[in-house]
Amino acid sequence: MRIAAAKFHHYINKAAGYGIGGVREDPYYPDHPGGFAIDIMIDHFETDGGQAHGTEIKDWFFAHRHELNIKYMIWQQTYIPAEGEANKMADRGNPNENHFNHVHITFHESPFANGDEPVYMVEDDAGDSTGYTVRGNGCGTHGGTHHDHELEPGSVPEEFVRWFQLGAQVCADVDAPLLAAHNRSRASRRALSAAQVL
């Protein structure tokens, strides 16, 4: 949610009851109740510009599906798996159910998530998408920047460097290289699993 809120905040519908939704009840699907899915509500979705913004969000997340551990997405009545072909869904009768007013993203389950993790807010300090700070980290000791444990140049995609650095601010025991190594390990396991299926 942090990445979506920071990178696409100008495109998100911020009206009451909208924004970016996560955990909620759903009698039919386990994604939202289990905490594995988000809905990014698109501002002015009924316009060509709104649809273009939703497509931009979908395309960006799809391009980074492996780094972000994405299982599948839904946008404009289309189911988009992380691997394989996208397919058109049956008409559910309204823009919300057909996913024209929001991009749905489901992530692979994490063995480290238990549903009661605190939610941290990332604030755009400069108001221009250039600087973000983690607020309300809830971790006893603030992690700081770990200047003695910086990311090796080229070890992660450039646009993720800032996010690994932010993640390292949450707790003193976690630094950016550790987060990057965990991310690479998960991506390698997924690639191996996919190769074994083939």
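Guide: Two residues are in contact when they have heavy atoms within 4.5 Å. You're looking at a predicted model: local features need pLDDT of at least 70, side-chain atom pairs count only at pLDDT 80 or more, and totals for chains, interfaces and linings use all residues. Residues are numbered from 1 along each chain as its sequence is written, and side-chain values use heavy atoms, leaving out hydrogens and water.

Visitor: How many helices and strands are there in the protein?
Guide: Both kinds are DSSP runs numbered from the N terminus (helices are H or I, at least four residues; strands are E, at least two). Along the sequence they follow the pattern α-β-β-α-β-β-β-β-β-β-α-α. Count them up and you get 4 helices and 8 strands.

Visitor: Which element has the lowest mean pLDDT?
Guide: pLDDT is the predictor's confidence in each residue, from 0 to 100. Over the protein its mean is 73, with 59% of residues at 70 or more. Strand 4 (residues 78-81) has the highest mean of the elements, 97, while the lowest, 42, goes to strand 7 (residues 121-124).

Visitor: Over residues 128-146, how many contacts beyond four places in sequence does the model have?
Guide: Let's start with residues 114-126, where pLDDT stays under 50 and the model has 30 such contacts. Where pLDDT is low, the predicted coordinates should not be read in detail. For residues 128-146, pLDDT also stays under 50, and the number of contacts beyond four places in sequence is 60.

Visitor: Does I74 count as buried or exposed?
Guide: You'll find I74 in strand 3. Buried means under 20% relative accessible area, exposed over 50%, and partly exposed lies in between (1.4 Å probe, protein chains only). I74 has 7% relative accessibility, so it counts as buried.

Visitor: How far apart in space are I74 and K88?
Guide: In sequence, 14 residues separate the two. Going from C-alpha to C-alpha, the distance is 9.6 Å.

Visitor: What share of the contacts between residues at least 6 apart join residues at least 24 apart?
Guide: Here we step back to the protein as a whole, with its 198 residues, of which 38% count as buried. Among contacts between residues at least 6 apart in sequence, the share that joins residues at least 24 apart is 55%.
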